[in-house]
Amino acid sequence: NGRDKEVLVVDDEISIGGLVQQILVPLGFRVTTVACAEAAVSLLRDRKFDLVLSDCKMPGLGGVGLYEQVRVSHPELAARFVYMTGDVFDAGTQKFMRQYNLICLAKPFSAPEIKAAIGKLQI
């Protein structure tokens with residue numbers, strides 16, 4: 001149940017943000033979507049979020065850079081961070097994911113997969 005929970009979705013593919021929104025809003029989540037990590041960092045300065053779903057590979061700061069900033073500025077939110085990716089991870093990214101024990105959804109994902117990933121988090 002997402003009642004009164006704020007979710008930030010970060011993906012440079014606008015259609016993915018829309019899909020995630022279509023899945024989460026009926027569950028009671030309030031969803032904000034942005035198309036880049038820099039916009040997410042800016043939003044996080046002024047707003048509180050309960051969960052972040054972020055693409056891993058994006059232009060600019062990217063998903064890894066976003067997580068690194070969240071880990072420093074909002075450590076409690078870093079524990080409620082889910083990656084979404086359509087790319088096969090390179091060894092460095094795999095190491096990063098293991099180091100921080102991050103949850104990852106492989107694109108294309110289904111509504112039950114998103115719900116299961118969120119269910120693993122303490123939100």
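Rings of Phe, Tyr and Trp, the last represented by its six-membered ring, are taken to pair if their centres lie within 6.5 Å. By this rule, the count comes to six aromatic pairs in the structure, which is a predicted model. One of these pairs is formed by Tyr67 and Phe96, whose rings are arranged edge-to-face, with 5.6 Å from centre to centre and 85 degrees between the planes. Tyr67 belongs to helix 3 (residues 62–73) and Phe96 to helix 5 (residues 91–99), so the pair ties together parts that are 29 residues apart in sequence. Tyr67 and Phe96 are both buried. A further pair, between Tyr67 and Tyr100, is tilted, with a centre-to-centre distance of 5.3 Å and an angle of 55 degrees between the planes. Because Tyr67 lies in helix 3 and Tyr100 in the loop between helix 5 and strand 5, this pair ties together parts that are 33 residues apart in sequence. The relative accessibility of Tyr67 is 4%, and the residue therefore counts as buried, whereas Tyr100, with a relative accessible area of 21%, is partly exposed. Tyr67, Phe96 and Tyr100 form one aromatic cluster together with Phe81 and Tyr83.

Strand 4 (residues 81–85) is mostly covered, five of its five residues being buried.

The sheet itself is open and consists of five strands in the order 2-1-3-4-5, with parallel pairing. Its edges are formed by strand 2 (30–34) and strand 5 (103–106), each of which pairs on one side only. On average, and with direction ignored, neighbouring strands of this sheet are turned by 20 degrees against each other. Strand 1 (residues 6–10) pairs with strand 3 (residues 51–55) in the parallel sense over four bridges, and within this pairing Val7 stands opposite Leu51 of strand 3. Helix 2 (residues 37–46) packs on the sheet, where it touches strand 1 and strand 2, and the direction of helix 2 makes about 155 degrees with that of strand 1.

The parallel arrangement continues through the other strands. Strand 3 and strand 4 are paired in the parallel sense over four bridges, with Asp55 opposite Met84 in strand 4. Strand 4 and strand 5 likewise pair in the parallel sense over four bridges, and the bridge partner of Met84 in strand 5 is Leu105. At the edge formed by strand 2, Thr32 has its place in that strand. Thr32 is buried, because its relative accessible area is 17% and the cut-off for burial is under 20%. Apart from its neighbours within four places in sequence, Thr32 is in contact with Glu6, Val7, Leu8, Val9, Leu43, Arg47 and Phe49.

Elsewhere, two helices meet. The axes of helix 1 (residues 14–24) and helix 6 (residues 111–119) come within 10 Å and cross at roughly 75 degrees; the two helices are therefore roughly perpendicular to each other. Helix 1 contributes Val20, Ile23 and Leu24 to the contact, and helix 6 contributes Ala111, Ile114 and Ile118. The contact residues of helix 1 with helix 6 comprise six nonpolar, no polar and no charged residues.

Several features of the backbone remain to be described. Most residues other than glycine have a negative phi, and most peptide bonds are trans. The peptide bond from Lys107 to Pro108, however, is cis, with omega near -5 degrees, and Pro108 is located in the loop between strand 5 and helix 6. Asp4, although not a glycine, has a positive phi of about 65 degrees. Asp4 is placed in the segment before strand 1 and counts as exposed at 52% relative accessibility. A positive phi, of about 50 degrees, is also found at Asn101, which is not a glycine. Asn101 lies in the loop between helix 5 and strand 5, and at 70% relative accessibility Asn101 counts as exposed.

Conventions. Residues numbered from 1 in each chain as written. Predicted model: local features only at pLDDT ≥ 70, side-chain atom pairs only at ≥ 80, totals over all residues. Heavy atoms only, no water. Pairing = 2+ DSSP bridges. Axes fitted to C-alpha atoms, helices over the stretch in contact; angles between N-to-C directions. Contact = heavy atoms within 4.5 Å. Parallel < 35°, antiparallel > 145°, perpendicular 65-115°, else oblique. Nonpolar A, V, L, I, M, F, W, Y, C, P; charged D, E, K, R; others polar. Phe/Tyr/Trp six-rings, centres within 6.5 Å; stacked < 30°, edge-to-face > 60°. Buried < 20%, exposed > 50% of the residue type's maximum accessible area, 1.4 Å probe, protein only.
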